[in-house]
Amino acid sequence: MRLRSLLFAPANRPDLVEKFPRYPADLFVIDLEDGTPEPERDAARRALPALVAHLRRGGFERRLLVRVNQPRSPRFEPDVAAAASCAADGVMIPKLESEDDLRRAGALLEAAPGAPRGVIGLVETAAGIVNVEALARAGPPLWALAFGAEDLVTELGGRRTAEGVEVLYARSRLVLAAKAARIGALDQVVVDIRDAERFRRDAAFGRQLGYDGKMCLLPRQVELANEIFSPAPDEIERSRRLLAAFEEGRRAGRGVIEFEGTMIDEPLVRRARAILELASEDAPGGA
Amino acid sequence: MRLRSLLFAPANRPDLVEKFPRYPADLFVIDLEDGTPEPERDAARRALPALVAHLRRGGFERRLLVRVNQPRSPRFEPDVAAAASCAADGVMIPKLESEDDLRRAGALLEAAPGAPRGVIGLVETAAGIVNVEALARAGPPLWALAFGAEDLVTELGGRRTAEGVEVLYARSRLVLAAKAARIGALDQVVVDIRDAERFRRDAAFGRQLGYDGKMCLLPRQVELANEIFSPAPDEIERSRRLLAAFEEGRRAGRGVIEFEGTMIDEPLVRRARAILELASEDAPGGA
Amino acid sequence: MRLRSLLFAPANRPDLVEKFPRYPADLFVIDLEDGTPEPERDAARRALPALVAHLRRGGFERRLLVRVNQPRSPRFEPDVAAAASCAADGVMIPKLESEDDLRRAGALLEAAPGAPRGVIGLVETAAGIVNVEALARAGPPLWALAFGAEDLVTELGGRRTAEGVEVLYARSRLVLAAKAARIGALDQVVVDIRDAERFRRDAAFGRQLGYDGKMCLLPRQVELANEIFSPAPDEIERSRRLLAAFEEGRRAGRGVIEFEGTMIDEPLVRRARAILELASEDAPGGA
């Protein structure tokens with residue numbers, strides 16, 4: 001499953017949700033939580049099935065999740081049940097902290113009719129990070145974990161910077177836990193919505209850490225995320241040259257070769273193969 | 001409890017301890033451990049009750065702790081008992097590694113008459129960091145954990161730098177564990193006592209990570225720590241503007257607004273509120 | 001045991017292995033894994049005893065390990081048995097993830113005649129890092145853990161950079177786990193084999209983090225590693241001055257002194273002593 005970009009729209013804004021088909025995100029999320037003001041959340045939940053049905057009837061077949069309210073709120077179970085009863089592909093659980101939260105969501109999703117549903121867990125509290133390895137290993141229906149830097153820094157009482165050293169530990173720990181459990185990892189949002197350069201740098205750094213994609217607040221962030229979480233032309237070209245050189249070495253009985261100043265063996269060969277595989281998934285235009 | 005600054009004085013230096021009332025630290029520590037040469041530690045422990053009584057009689061009512069010797073030394077229990085028998089508010093335990101160390105200290109503190117006492121645990125060994133989540137969760141009487149970089153780097157055999165990347169992992173892990181357990185976190189000392197700029201940068205970075213305050217070796221570091229661990233005027237001003245803009249958005253049915261180029265929702269709103277709360281605790285002058 | 005440098009040679013290249021006696025590495029590894037192409041690995045294992053016997057007969061007495069295939073491959077046990085049956089000092093286990101891997105290797109090594117053998121565990125998968133504290137504590141015959149960045153970044157799907165921020169978390173976590181368990185720690189390889197400056201910077205940063213030495217792909221990296229993982233003349237000189245000043249302070253009843261602008265107490269004194277101890281192990285020329 002590709003996870004390069006995930007686009008949010010508030011559940012109380014059908015005008016924005018209805019525009020989803022225009023954008024090339026890999027995942028779409030209708031937000032019953034922070035994006036919708038609290039007094040409107042119950043009404044938004046009631047309106048959800050019609051909203052989703054409308055999207056699907058219009059031919060929208062992309063992966064569509066519902067961000068529910070957090071597991072320790074009374075809205076959690078009704079929200080999950082509402083998502084399970086409509087044609088959404090699953091839920092995003094914010095402020096995920098315990099495996100039990102995942103079990104409760106899983107039971108509600110399974111009880112509903114329809115295709116198997118998935119869960120993306122948003123880990124954005126100190127308690128969630130401290131427990132992230134167990135969360136990542138919880139198994140189906142968990143598809144991926146997402147890293148929520150803004151809530152985390154608020155709880156820590158820290159300061160948010162463009163460089164983000166204040167969350168490097170937590171951001172690194174989450175992606176490692178996800179990959180150890182062989183699930184996906186989605187990187188933090190960039191709230192500076194007018195600063196494309198900052199988004200690019202932040203996305204590129206997330207990819208460097210091993211993230212598969214990024215949560216996006218706006219359509220223009222989706223395009224940047226798709227670009228940055230796809231292999232670049234020079235990466236693809238270099239990977240091809242590297243594999244050719246390695247094959248030649250192997251025919252000469254070498255398990256290690258020198259390639260453009262670098263000593264190459266198995267791990268770098270597998271990395272080059274992975275880039276070519278990702279590249280072959282990309283339709284022209286990066287979407 | 002405010003924890004912006006913690007000032008040490010060696011227990012064998014009553015001349016320095018007696019100056020505590022002059023300084024605006026949030027916490028004061030009489031040091032029976034490394035600050036006092038080993039041959040003088042037993043005598044210093046015997047002199048402790050008189051020293052504390054003298055301070056208290058002079059009207060000193062600030063929080064006062066005693067740094068005891070480490071839990072695996074024969075001085076640990078006599079030191080804690082001495083602190084418990086006088087008018088100190090609790091103990092600082094260096095080289096904290098196990099929950100059992102906390103339990104032993106807690107039992108001795110509880111057995112003594114007087115007000116409830118607290119503990120600050122100084123985590124400064126590799127074994128302590130590896131166990132820091134369990135330590136943080138140990139519960140009362142633990143008030144806070146403090147991060148001891150100098151001992152840690154000595155044990156690791158590493159090198160200490162101004163940037164401190166060598167301890168970023170441990171320093172980040174400790175503050176996250178403390179906040180997950182809802183206790184305080186005190187940041188590392190700066191041994192370069194003549195370099196105010198270095199102290200400022202180090203303190204600001206500690207605050208960025210989520211620390212509540214900093215251990216200080218000298219009175220002049222206390223003033224800098226108090227300043228840096230209090231909200232700055234521009235932060236306060238921006239927080240006020242942000243909250244006003246968010247309220248306006250909410251009245252218009254928006255859970256997310258754009259504010260000065262940034263997309264704002266719940267976590268950033270709570271961060272702004274926390275800054276205003278901290279600011280309201282500050283007496284004029286930041287002390 | 002000194003661990004400043006570890007030099008690999010592929011097991012299918014007796015011409016390279018036979019040159020080991022020329023180089024000043026602290027550890028030498030004959031590589032049955034990635035350095036040897038897969039179709040040649042069984043033949044290389046059969047040739048191993050003669051290769052090792054030849055080296056030893058030539059008077060080579062340095063520590064010599066065999067890198068075996070990974071624990072989840074069918075070659076693991078035959079490889080360990082082959083290493084145990086010859087005059088090697090132990091094995092390096094790649095892709096180490098579980099304590100059980102260590103137990104299986106330990107049992108095979110113990111069953112063989114000859115001197116006690118050791119194990120260096122190469123941790124280079126996300127699952128290995130997530131379990132690194134337990135691995136480090138596994139006890140004998142584990143001598144050290146080594147950090148394998150290239151495999152790890154390949155698995156994470158991340159990007160490798162010269163600065164290496166993408167592995168700072170894992171690299172820091174491993175060295176801390178090793179030191180908490182009182183075993184050695186060997187740092188990542190540098191695949192840019194023509195860039196001595198990059199090797200130097202990377203080695204210096206590894207030492208800053210607490211690593212004892214570095215895996216080397218080529219003899220010229222061994223010399224650099226030996227140099228950088230030995231105390232520098234100015235460090236030795238400063239440590240001597242510091243200890244002299246501290247002794248003077250102690251005679252005057254001070255547990256804390258100011259030394260060249262820095263506040264010095266126990267941890268910095270122990271760090272200075274450790275540098276002088278390391279320096280006294282160094283033969284002239286740093287080898």
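How much space lies in the second largest cavity? About 70 Å³ of space lies there, in a predicted model whose local features need pLDDT of at least 70 and whose side-chain atom pairs count only at pLDDT 80 or more, whereas totals for chains, interfaces and linings use all residues. Residues are numbered from 1 along each chain as its sequence is written, chains are lettered from A and ligands numbered from 1 in the order in which they are written, and side-chain values use heavy atoms, with hydrogens and water left out.

**View 1. The second largest cavity and its lining in chain B.** A cavity is a set of points, on a 1 Å grid over the protein atoms alone, where a 1.4 Å probe fits but cannot get out, and lining residues have an atom within 4 Å of a point. Grid points are joined across faces, edges and corners, and the volume is the space filled by probe spheres set on them. Among the residues that line this cavity are B:E150, B:R160, B:Q188, B:R198 and B:D202. The lining divides into four nonpolar, three polar and five charged residues, where Ala, Val, Leu, Ile, Met, Phe, Trp, Tyr, Cys and Pro count as nonpolar, Asp, Glu, Lys and Arg as charged, and the others, Gly among them, as polar.

**View 2. The largest cavity.** The structure holds six cavities of 30 Å³ or more, and the largest has a volume of about 80 Å³. Of the 13 residues that line the largest cavity, C:R160, C:Q188, C:V189, C:R198 and C:D202 lie nearest its centre. By class, this lining has four nonpolar, three polar and six charged residues.

**View 3. The contact between chain B and chain A.** With contact taken as heavy atoms within 4.5 Å, 33 residues from chain B and 37 residues from chain A take part. The two chains bury about 3,000 Å² between them, 58% of it on carbon and sulfur atoms, buried area being the accessible area (1.4 Å probe) that two parts lose on being put together, summed over both. In chain B, the residues that lose the most area to chain A are B:L176, B:Q208 and B:R271, together 23% of what that side buries.

**View 4. A salt bridge between A:R194 and B:E258.** A salt bridge is a side-chain nitrogen of Lys or Arg within 4 Å of a carboxyl oxygen of Asp or Glu, and the count between chain B and chain A is five. In the one formed by A:R194 and B:E258, the closest N and O atoms are 2.6 Å apart.

Notes:
1 Å grid on protein atoms, 1.4 Å probe; cavity = no way out; pocket = protein on both sides within 12 Å on 5 of 7 lines; lining within 4 Å.
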